[in-house]
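Look over the structure first.

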Amino acid sequence: MLLMALRTFRDRWPVFVGAIVSVCLGVALVQSSLLTLVSAATAKVPPGTPPAEARAVRDAFTAAIALMGMTLGLAFFVAIFVVSSTFAFTVAQRRRDLALLRLTGAGRGQVRTLLVGEALLLGVLGSAIGIALGLPVMRLQGAMLTSFELAPPGFTGEWRSWIVYVSAGTGIGVAVLGVLAASRRASRVRPLEALRDVGAAARVMTGSRWVIGLLFLAGSIALLILVPAVGGDGALPLSMNATFTLVTALAALSPLVVPLVAAPFGALFRGRLGLLAHANLRNGVRRSASTAAPIMVLVAFAVGMAGMTGTLADAGRAEIVRDLRADLVVDADRPADEQVAAVPGITAFSAEAPLSFDIGEDEGEDGIVYEGTNAIAVDPAAYAETHLVAPVAGNLADLRGATIALSPGAATGWQVGDLVPVHIDGGPDRLRVVALLPNTLAGPSALLPMDLAPDGPRRYVVRAADPAAAATALAGVGHVLTTAQWIEAYNDEQQQISAHIMVALIGMAMVYTVIAMINAVVIAASDRRAEFAAARVTGLTRGQVVLAALAESLAVVAIGVLLGMVSATASIVGMAFAVRDLVGIAVASVPWAMFGSVVAIAVVVVGVTSVLTSLTATRTPAIRLVAARD
């Protein structure tokens, strides 16, 4: 059977090209991301680095680790998704061949061995190419991380010899995992199916599809319910995991949706070509579902991720608008309290000093673990006049001396009165918790008394009777912005960070799914030569057959977009509920620009591929193909 697998793989290699490329990209990305992640996790801050810069470097490494972790998960998921879709579709197309194999005496185990052997060949070939591509991809990732300021300058991943074995195991494992379900279904093909045409009669919604679809759907609902409960930093990765499971559920249940979505297209498709396209859409359920799957993945991840990050950014902006009670914001490179206080017409101002330090978190048996955090040093009375702040416990007025006010984002497990271990440059090694701050998206993780602030940059939040006159007088202190201008600048900065994350994650997913779209359309067209020939001998021209196939493909794009939007909408709504429960702000961001771009990409890729493959499939004279049919 392994020798037969080699021959069938060689004969049907065009069908496996997309899966090989997917495994290759998956191996390259997993290898480069894992090397980058390990290099960031084991990197040491150069000796002699000032404490503030050392913390900034460690924060950058932490950001790189988090991003590479998400990249690993996304690459692994999409690779398995594409390979499993390819094998599922090819098994459906080869059903009669497999039945003939069973009729000649092959057992179920031998059929499964045949498909697993093809997967092994696919995995070995994809792994070999992927390992070679891993190094340039790693350098590209390092350059991307540093240019996006998600890693310190000069950072790059380091080669480790063990990665070859991990990469080979990943590629072969992805290929074998992708074929398992398809091989199990193939082994159930009955020998007598070789004696009749089973292409349209084969059952699409199998028992395994029902089980997988409903199981993952239930898991998705559970994860989306948990997103608001988790909140904070865990909301985004949990929502991303919910997208994984929901995409899997919708892909398994998509054959149920295709006929439902096809019905309205009957009113749009007119004439002979429209009726042909509509009939093919309804009858080719498996073909339509397989082609719609990568489109669904692209829409779900691109629109969903953009919507989730946009919701967080919009909520952060709304939180600042709600909590900041000032007219002007002044950024100075030095302490200038006396100069600000001397400006006529200022009714209140708060001096804020940015501060980075390490705070201890009680990990139980592991003891105290220190993590870097950012805070601001303030005068509590002045801060309360320019900010809406309501501690959930304790009193902010007690923020004097060796004290701290904590939000849940800074550390967990500490209560008012506890002594928190800290590492502050030139400061005490323990601070007493005097207040617990509410959850925040854009506010400081912790507040410290101004006594602990070093000399350095200051931000002054100012209320004035005449903001315009005060702004003119404060020009000599530092850079002056109105509150609205400062909020817009903050929002632009957050959107830039989100855009960098989007490019790093969605760019990779987009390459994957575009390849998968092309692969699905090519596989679908490879089995339709006789169908196209039959349509042509009934009176349709070659161009009309191509147009009918194009109309069918565009309808499939609509199906994929619809299913993808269901998943994306669920993720965005889950994030919106998490934000509401976290900071009490109801906001949801719908990335219409991203949605339009993704739909345009899907239409162009599927449309062009459909036309090219249809032209290729109709190149042979129709009468020759029809006469060749049994």
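Is Ala588 buried, partly exposed or exposed? Ala588 is partly exposed, because its relative accessible area is 49%; buried means under 20%, exposed over 50%, and partly exposed in between (1.4 Å probe, protein chains only).

This is a predicted model, where local features need pLDDT of at least 70, side-chain atom pairs count only at pLDDT 80 or more, and totals for chains, interfaces and linings use all residues. Residues are numbered from 1 along each chain as its sequence is written, and side-chain values use heavy atoms, with hydrogens and water left out.

**The loop residue**

Ala588 sits in the loop between α16 and α17. Helices are DSSP runs (H or I, at least four residues), numbered from the N terminus. Not counting residues up to four places away in sequence, Ala588 touches Thr311, Ile572 and Ala576. Contact here means heavy atoms within 4.5 Å. Phe577 is 11 residues from Ala588 in sequence, and their C-alpha atoms are 8.9 Å apart.

**The largest cavity**

The structure holds 3 cavities of 30 Å³ or more. A cavity is a set of points on a 1 Å grid over the protein atoms alone, where a 1.4 Å probe fits but cannot get out; lining residues have an atom within 4 Å of a point. The largest has about 150 Å³ of space, the volume filled by probe spheres set on the points. Its lining has 15 residues, with Arg287, Val521, Ala524, Arg528 and Ser553 nearest the centre.

α16 gives the largest share, 4 residues.

Notes
1 Å grid on protein atoms, 1.4 Å probe; cavity = no way out; pocket = protein on both sides within 12 Å on 5 of 7 lines; lining within 4 Å. Helix = DSSP H or I, 4+ residues; strand = E, 2+ residues; numbered from the N terminus.
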